[in-house]
Amino acid sequence: MVLDAPTAVCAEVDPELWFPEKGGSTRDPKRLCRSCPLMAACLEWALDHPSESRHGVWGGMSEGERYALRRRRRTLAPAVTGADDDELAEVA
Ligand code: SF4
């Protein structure tokens, strides 16, 4: 039996919707991302690859939201793990 792989919602809609003009609304692509079976994996990929996902909505988050989440994670990581930045860099 072959299972169907989940399909990204953005693969079935005009991809330009995920890249609104500067200052444009991100409401519609975020809403569509929330119905996407790949949302969590997409967001993690975008967070791990900021230069490749610099623009647009990925994993239900705008550029600014992803930037803020990356900063929060960097801030929280030492508090959660007890590791300092040098130790975290060694395992990254
Ligand atoms: S979560 Fe990622 S893969 Fe899914 S629709 Fe949004 S941008 Fe596309």
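Two residues are said to be in contact here if their C-beta atoms, placed from the backbone, lie within 7 Å. The structure is a predicted model, in which local features need pLDDT of at least 70 and side-chain atom pairs count only at pLDDT 80 or more, while totals for chains, interfaces and linings use all residues. Residues are numbered from 1 along each chain as its sequence is written.

The protein has 4 helices and 0 strands, and from the N terminus on its elements run α-α-α-α; helices (H or I, at least four residues) and strands (E, at least two) are DSSP runs, numbered from the N terminus. Of the contacts in the protein with a separation of 6 or more, 38% are between residues 24 or more positions apart. Buried residues make up 13% of the 92 residues, where a residue is buried if 20 or more other C-beta atoms lie within 10 Å of its own, exposed if 12 or fewer, and partly exposed in between.

The ligand is surrounded by 13 residues, of which the closest are Ala8, Cys10, Cys33, Cys36 and Cys42; a residue is counted as near the ligand if its C-beta atom, placed from the backbone, lies within 6 Å of it. Helix 1 (27-33) and helix 2 (39-48) are the elements that give two or more residues to this shell. By class, the shell has 11 nonpolar, 2 polar and no charged residues, with Ala, Val, Leu, Ile, Met, Phe, Trp, Tyr, Cys and Pro counting as nonpolar, Asp, Glu, Lys and Arg as charged, and the others, Gly among them, as polar.

The largest nonpolar core has 7 residues in all, namely Cys33, Cys36, Cys42, Ala46, Val57, Trp58 and Met61; such a core is a set of buried Ala, Val, Leu, Ile, Met, Phe, Trp, Tyr and Cys residues joined through C-beta atoms within 7 Å. One of its members, Trp58, lies in the loop between helix 2 and helix 3 (63-81), and Trp58 counts as buried because 25 other C-beta atoms are within 10 Å. Leaving aside neighbours within four places in sequence, Trp58 is in contact with Cys42, Leu43, Ala46, Ser53 and Arg66.

Leu43, a residue of helix 2, is partly exposed because it has 19 C-beta neighbours inside 10 Å. Not counting residues up to four places away in sequence, Leu43 touches Trp58, Gly59, Gly60 and Met61, and its C-alpha atom is separated by 9.4 Å from that of Val57, 14 residues apart along the chain.

Arg70 belongs to helix 3 and is likewise partly exposed, because 14 other C-beta atoms lie within 10 Å. Beyond residues up to four places away in sequence, Arg70 touches Leu47 and Pro50; the C-alpha atoms of Arg70 and Pro50, 20 residues apart along the chain, are separated by 9.4 Å.
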